[in-house]
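Reader: Before we discuss any labels, please show me the sequence and the coordinates together.
Author: Here they are.
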Amino acid sequence: MKQLYIPLFIGLLLVACDIKDNSVSPNYNFTHVYVDEDASNAYYPVDAMEASDGSIIILSALTNTLNTNYPTIQIIKTSASGQLIWQTNVDPAFVSPVPNLMQIGNAIQFICMDDNSFKTKLMNINLSTGMVNEIGENEKTYPLAAHYAETSNSIVVLSYDGLGTNTIISGYTPAMGLTFRESTPTNKDFSYDIFQHLKKQGNPFPFFINSFENSGSTYYSVNAFSNYTLSLLFVNHSSGTISGRVNGYQELGGIAASINKSNDLFAVAESHFNTGEISINTEASIDINGTQNVTQLNALGFPELTSDSNVKIIKETINEKELLIYAATTKTNQLALYFFDALSNELLHTEYLGHTNPVEISSFFKANDDGLVITGKTWVAGRYQRVILFKVATDKIKL
């Protein structure tokens with residue numbers, strides 16, 4: 001395959017500061033802002049993950065002065081302590097990267113779009129050099145989210161068919177061989193909303209894909225437009241068909257984030273764009289083979305959160321406690337981390353990050369060294385949109 005990359009090792013100013021005491025490892029408790037001196041560039045981080053060597057890979061969309069239809073792609077590799085290792089601007093023929101970054105074997109890959117045909121592209125990242133190669137393509141256009149399910153060894157891609165006004169959910173082998181394809185009508189032309197989302201104009205929609213096991217079978221939870229509304233769809237891997245759904249409020253709200261706890265129990269967050277509220281339920285009962293409305297999930301409103309915030313949920317063991325941790329942006333432009341006991345659902349602790357510049361979250365995970373890693377976008381001097389990276393020591397969190 002043709003190698004497509006423009007590695008950049010200069011012109012990046014790294015700003016860092018400690019946000020806690022210095023008695024812990026230097027890999028913990030820091031904030032890094034990666035500041036490009038080119039004022040015309042604006043960064044939209046879409047995902048981040050930890051590589052096998054402990055480094056952090058950050059995938060971003062980038063708007064700049066290049067003559068492309070959609071935002072181009074930038075990738076940063078940092079050390080575990082946030083120090084820049086390399087930065088790559090991908091060939092501008094490839095645009096609009098989607099969450100998630102995918103660890104497939106020893107490789108880290110992602111899905112993006114061809115800037116001319118709008119077809120879906122599978123890209124591979126060389127972690128040593130920063131080179132990015134195209135390794136696969138499919139004919140479906142306007143990809144919105146991707147996920148690799150290790151249990152089924154499958155890549156699942158969410159895309160939008162603007163001509164037929166359908167949402168398309170496709171399953172592939174790691175070599176991009178098609179295993180299933182499910183189409184659901186949106187019954188409304190959401191093309192303008194989708195294009196604005198892909199162009200990073202206006203508030204983004206919480207499109208995502210997760211996988212989970214239920215009664216010995218693999219399912220995918222896919223947040224997408226279907227039947228006039230933003231819906232959480234459940235897709236059975238074996239049949240490739242939609243088994244159930246949770247309907248939202250047309251394009252005005254719906255599920256913002258969701259992870260499976262066990263069987264039919266889910267931790268969820270709801271976004272109410274029309275009323276300006278995010279609600280949380282750490283143990284919602286959802287019938288994955290039936291139809292429900294988001295109002296039936298009995299979520300509790302968190303008025304300090306901004307309704308257009310991304311919300312991320314992880315389930316981890318910290319300080320010998322099994323926890324659900326929600327991360328979202330507050331109305332005062334800080335990041336709030338809510339630590340819930342995963343068994344009793346009690347809120348044990350709230351941690352706030354950021355206090356100088358506005359911050360919006362894009363990804364959240366626990367690293368192998370037990371630090372919590374949060375990436376997002378921030379504004380330097382109130383106008384320059386850049387990538388920010390936090391790392392928080394879990395042994396300092398009071399639970």
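Reader: Which strands do the buried residues of H1 pack against?
Author: The buried residues of H1 pack against strand E11 (107-114), strand E14 (143-149), strand E15 (154-161) and strand E19 (217-226), where contact means heavy atoms within 4.5 Å. Helices (H or I, at least four residues) and strands (E, at least two) are DSSP runs, numbered from the N terminus. This is a predicted model, in which local features need pLDDT of at least 70, side-chain atom pairs count only at pLDDT 80 or more, and totals for chains, interfaces and linings use all residues. Residues are numbered from 1 along each chain as its sequence is written, and side-chain values use heavy atoms, with hydrogens and water left out.
Reader: Which residues of helix H1 are buried, and why are they said to line one face of the helix?
Author: In helix H1 (residues 191-198) the buried residues are Ser191, Asp193, Ile194, His197 and Leu198. Seen down the axis of H1, they fall within an arc of 165°, so they line one face of the helix; the arc is that of the directions from the helix axis to the C-beta atoms.
Reader: Why does Glu320 count as exposed?
Author: Buried means under 20% relative accessible area, exposed over 50%, and partly exposed in between (1.4 Å probe, protein chains only). Glu320 has 81% relative accessibility, and therefore counts as exposed.
Reader: What makes the phi of Glu320 worth noting?
Author: Most residues other than glycine have a negative phi, whereas Glu320, which is not a glycine, has a positive phi of about 65°. Glu320 lies in the loop between strand E27 (311-318) and strand E28 (321-329).
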